[in-house]
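Welcome! Take a moment to look over the structure below, and then we can walk through it together.

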Amino acid sequence: MSLDVYLEDEDGNELYSRNITHNLNKMADAAGIYKVLWRPEEIGIKYASQIIEPLTEGLTKLVINKQEFEQYNPKNGWGDYEGLIMFCADYLQVCKDNPNALIRICR
């Protein structure tokens, strides 16, 4: 299972898409960004601009506390700390580049 993230313009044209394994959801939760990534609609996030601040904070926590978060690496080997860092950094940059984009999530 995985999480698919999409950014779309107001006409529904896809601007960005990325996928990450659900195996990293506990790590994301520990960093305070589970709902930001997996369930943005539940916390009122609709636009890319709304994700910039919380994702920046979560990514900073991940980077500063590497050892703490590496303990959440899935035992089955599907996904890892570095993968979540890369996912978050990429997603954050695209949100900064497209702040008016609509976020669409498939779980």
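Is A89 buried, partly exposed or exposed? With a relative accessible area of 35%, A89 is partly exposed, because that value falls between the 20% and 50% cut-offs. Please keep in mind that this is a predicted model.

**Around A89**
- You can find A89 in helix α5.
- L55 is 34 residues away from A89 along the chain, and the C-alpha atoms of the two are separated by 8.6 Å.

**Aromatic rings**
- The structure holds 4 aromatic pairs.
- One of them joins Y16 and Y91, whose ring centres are 6.0 Å apart; their planes meet at 5°, so this pair is stacked.
- Y16 belongs to strand β2 (residues 14-21) and Y91 to helix α5 (residues 81-97), so the pair ties together parts that are 75 residues apart in sequence.
- Y16 and Y91 are both buried.
- Y34 and W38 have ring centres 5.5 Å apart and planes at 15°, so they too are a stacked pair.
- Y34 and W38 sit in helix α2 (residues 34-38), and because they are 4 residues apart there, about one helical turn separates them.
- Like the residues of the other pair described here, Y34 and W38 are both buried.

**A charge over a ring**
- Look at Y6 next: the charged end of R104 sits over its ring, 4.1 Å from the ring centre.

**The β1 and β2 hairpin**
- Strand β1 (residues 2-8) runs antiparallel to β2, and 7 bridges join the two.
- As an example of this pairing, L3 has I20 in β2 as its bridge partner.
- Between the two strands of this hairpin there are 5 residues, and G12 takes a positive phi near 85°.
- Here is a handy rule for viewing strands: in a regular strand, side chains alternate between the two faces of the sheet.

- The relative accessible area of H22 is 14%, so H22 counts as buried, the cut-off being under 20%.
- Leaving aside residues up to four places away in sequence, H22 touches M1, S2, L3, W38 and R107.

Conventions: Residues numbered from 1 in each chain as written. Predicted model: local features only at pLDDT ≥ 70, side-chain atom pairs only at ≥ 80, totals over all residues. Heavy atoms only, no water. Phe/Tyr/Trp six-rings, centres within 6.5 Å; stacked < 30°, edge-to-face > 60°. Buried < 20%, exposed > 50% of the residue type's maximum accessible area, 1.4 Å probe, protein only. Lys NZ or Arg CZ within 6 Å of the ring centre and 35° of its normal. Contact = heavy atoms within 4.5 Å. Pairing = 2+ DSSP bridges.
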